[in-house]
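I have a structure open today and want to note what I look up in it. These are my entries, in the order I made them.

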Amino acid sequence: MSVPMQLARIIISEISDNQVIYLQEVGGERQFPILIGIFEATSIDRRVKEDYKPPRPLTHDLIVAVAESLGAEPESVLISELHEHTYFAKLQLRRDGELIEVDARPSDAIAVAVTFNPALPIYVSEEVLRQATG
């Protein structure tokens, strides 16, 4: 079972290589952090701020454009696994009614999700949520 989550916080530190995003359960109390890189954190942060339009397409825009040009529609993000403190995600696309899951880093998948307005839904498997918050 997957749990709907939302991006709750983005913490960007200029003195650290690791940045942090927090996902929080929609309508619930559970939340957890994911360490990400500075480029992904900056991209996510810029996209969640109103009216940001990059002068040229960013990498995450390219991913969306490629998927759409191949007839697939980005649908959601699933944080699917947690192994040895590393999260694994899938960018879920739909083409001709078929669900296509593409392996992705959570930070990249979330960056793709926030390129949309409203953002694509983010889900976390119940097992990952238990591991991350337990």
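**Entry 1: helix against helix**

I started with H2 and H3, which are roughly perpendicular to each other, because that label covers angles of 65 to 115 degrees, while under 35 counts as roughly parallel, over 145 as roughly antiparallel and the rest as oblique. They pack at about 75 degrees, with axes 9 Å apart. Here an axis is a line fitted to C-alpha atoms, for helices over the stretch in contact, and angles run from 0 to 180 degrees between N-to-C directions. The names come from DSSP runs numbered from the N terminus: helices are H or I with at least four residues, strands are E with at least two.

I also noted where the model comes from: it is predicted, local features need pLDDT of at least 70, side-chain atom pairs count only at pLDDT 80 or more, and totals for chains, interfaces and linings use all residues. Residues are numbered from 1 along each chain as its sequence is written, and side-chain values use heavy atoms, with hydrogens and water left out.

Which residues of H2 meet H3? I found His60, Ile63 and Val64 in H2 against Asp108, Ala111 and Val112 in H3, where contact means heavy atoms within 4.5 Å. That contact divides into four nonpolar residues, one polar and one charged. For those classes, Ala, Val, Leu, Ile, Met, Phe, Trp, Tyr, Cys and Pro count as nonpolar, Asp, Glu, Lys and Arg as charged, and the others, Gly among them, as polar.

**Entry 2: H1 and its neighbours**

Next I looked at H1 (residues 38–48) and H3 (residues 106–113), which pack at about 20 degrees with their axes 9 Å apart. H1 and H3 are therefore roughly parallel to each other. On the H1 side, I see Glu40, Ser43 and Ile44 in the contact, and on the H3 side Ser107, Asp108, Ile110 and Ala111. I sorted the residues of this contact into three nonpolar, two polar and two charged.

Which residues of H1 are buried? My list is Glu40, Ala41, Ser43, Ile44, Asp45 and Arg47; buried means under 20% relative accessible area, exposed over 50%, partly exposed in between, with a 1.4 Å probe and protein chains only. These buried residues pack against S1, S2, S3, H2 (59–69) and H3. H1 also lies across S1, S2 and S3, at about 100 degrees to S1.

**Entry 3: the sheet**

I traced seven strands in an open, mixed sheet, in the order S3-S2-S1-S7-S4-S5-S6. Strands pair if DSSP finds at least two bridges between them. S3 (31–36) and S6 (98–104) are the edge strands, each pairing on one side only. The average twist from one strand to the next is 35 degrees.

I then went through some pairs. S1 (residues 2–11) runs antiparallel to S7 (residues 122–125), with four bridges, and proline 4 has tyrosine 123 as its partner in S7. S1 is also antiparallel to S2 (residues 19–25), with six bridges, and here glutamine 6 partners glutamine 24. Six bridges link S2 to S3, again an antiparallel pair. Across that pair, glutamine 24 stands opposite glutamine 31, and leucine 23 stands opposite phenylalanine 32.

In the S2–S3 hairpin I counted five residues between the strands, and glycine 27 takes a positive phi near 70 degrees.

**Entry 4: two residues**

Is isoleucine 79 buried or exposed? It sits in S4 and counts as buried, because its relative accessibility is 0%. Beyond neighbours within four places in sequence, isoleucine 79 has contacts including Leu23, Phe88, Tyr123 and Val128.

Methionine 1 is in the segment before S1. With 80% relative accessibility, methionine 1 counts as exposed. Leaving out neighbours within four places in sequence, I found methionine 1 in contact with Val124, Ser125 and Glu126.
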